[in-house]
Amino acid sequence: METLDKYRNKWREVPAGDDVDGRVFSAGLLDLPDGEFLASWGRMAERRASGAMAWFRPLYRDYFAGKRVLEIGSGAGVDGIPMAAFGAHWTFADIVPNNLATIRRVAALKGLEAKFHLIDDNLSFEALTPGYDAILVVGSIHHVLYDITRLEALNALRLLKVGGRWIELVYPRERWLREGALSFDKWGQRTDGERTPWVEWYDMEKIRRRLHPATFKIILDFDLRSRDQRWVDLEFLGMGRDSRKFIDIPGPVIFEAGERDGWTFAGSKGAFHPIARIDLAPFLDALTGPYEIEVTVDVRQGVVGLGLTDDHNAHLPDSELVVDSGPDIQTLALRFSGRPKHLVFRNRHEDRQSIFTVRRVTLREAA
Ligand SMILES: C[S@@+](CC[C@H](N)C(=O)[O-])C[C@H]1O[C@@H](n2cnc3c(N)ncnc32)[C@H](O)[C@@H]1O
């Protein structure tokens with residue numbers, strides 16, 4: 001696996017407060033005498049507290065107080081230091097020594113206690129004592145390749161208590177689409193400055209896949225800054241089974257309306273217009289629940305709903321994924337523990353027809 005050097009080289013610069021404030025080199029901050037150093041840092045923290053993240057402190061201050069929180073990718077500490085001042089037991093973790101040195105100096109000047117962990121190329125968190133109440137990740141690990149991030153995230157997760165929270169800020173797929181669906185090695189230059197080697201979009205589904213076989217309950221999942229960022233807060237329910245058992249579902253497809261050519265469908269306009277369904281009953285007994293249905297789909301036009309219905313043709317609660325068209329082929333997962341009757345595809349836009357190809361439908365044993 002590649003080393004973190006190129007990411008370390010970029011992230012010698014950290015966000016200077018709010019998103020519109022650009023970045024500052026931590027070595028430059030560290031060069032300042034104490035008074036100026038603290039004043040500069042204070043202005044950044046103030047900008048953070050009054051900018052796009054202004055809701056963060058009021059929302060989490062009381063929750064974090066007295067709790068052990070690990071922050072991965074803590075930048076200049078503008079989120080963590082105020083929380084430590086409000087009584088949280090904060091551990092700052094980062095890949096860049098000078099970023100941690102900046103926070104260490106702020107903490108010392110403010111008389112605050114905190115722990116620090118330098119993440120090296122082995123991505124280990126073993127030096128830290130398990131039993132954290134929360135892991136906070138604000139726009140950091142999405143800046144390295146998925147495979148590295150997955151390893152790092154799973155290593156960190158070993159420290160989290162069952163019932164603890166995984167809280168993360170990411171950039172959503174719709175922003176990636178809006179900004180031209182660039183390759184991830186190019187997109188970072190748009191989002192975080194020209195020296196940025198990588199940024200990858202995430203949504204709830206992709207965060208959960210990255211942390212598989214961990215299981216979670218969703219606490220929060222909302223857009224920020226005109227849908228440029230997304231905030232996800234998950235309660236950790238423990239590690240689930242790591243089954244690799246699956247079966248591909250070959251059909252048959254029960255065609256309902258629109259047009260069909262093999263596995264390519266054109267759904268008629270209408271926010272809930274039915275298109276096709278697949279009877280799941282013949283497949284469920286081959287595996288043991290809880291299940292997950294993974295659908296790989298290429299939505300070229302419009303908006304498609306993938307959902308699960310019961311014997312009365314009613315959608316199961318919270319069981320529909322709504323997929324916008326895009327240039328990429330998407331893989332989505334529907335999780336369930338009961339016995340749905342059908343996997344259904346329907347049009348989900350009142351004024352637009354959908355055109356899509358289903359590439360693969362797989363039933364898996366879920367975590
Ligand atoms: C965009 S900054 C965000 C900093 C801070 N969370 C904030 O919102 O101000 C990214 C930070 O994550 C760190 N970082 C980048 N990749 C990382 C990784 N794989 N693991 C941990 N930290 C990482 C960088 O060194 C930098 O401090």
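## The largest cavity

Two helices, α3 (34–50) and α4 (56–64), each give at least two residues to the lining of the largest cavity. The model is predicted. The lining is made up of Arg48, Ala49, Met53, Ala54, Phe56, Arg57, Val78 and Asp79.

The largest cavity holds about 40 Å³ of space. The count of cavities of 30 Å³ or more comes to one. Rolling a probe the size of a water molecule over the atoms shows where empty space is left.

## The ligand site

Where does the ligand sit? The second largest pocket holds the ligand. Around the ligand are 19 residues, and Arg48, Gly73, Asp94, Val138 and Glu152 come nearest. The shell divides into nine nonpolar, six polar and four charged residues.

## Polar contacts and cover

For Arg48, a side-chain N or O atom is 2.5 Å from an oxygen atom of the ligand. For Gly73, a backbone N or O atom lies 2.8 Å from a ligand nitrogen atom. For Val138, a polar backbone atom is 2.9 Å from a nitrogen atom of the ligand.

On its own, the ligand has 590 Å² of accessible area, and the protein covers 97% of that area.

Note on methods. Residues numbered from 1 in each chain as written. Predicted model: local features only at pLDDT ≥ 70, side-chain atom pairs only at ≥ 80, totals over all residues. Heavy atoms only, no water. Near = heavy atom within 4 Å. Polar contact = N/O pair within 3.5 Å; in protein donor to acceptor, adjacent residues only side chain to side chain. Areas by Shrake-Rupley, 256 points an atom, 1.4 Å probe, with all protein chains shown as cover. 1 Å grid on protein atoms, 1.4 Å probe; cavity = no way out; pocket = protein on both sides within 12 Å on 5 of 7 lines; lining within 4 Å. Sits in = over half its atoms within 2 Å of the grid points. Nonpolar A, V, L, I, M, F, W, Y, C, P; charged D, E, K, R; others polar. Points joined across faces, edges and corners; volume = space filled by probe spheres on them. Helix = DSSP H or I, 4+ residues; strand = E, 2+ residues; numbered from the N terminus.
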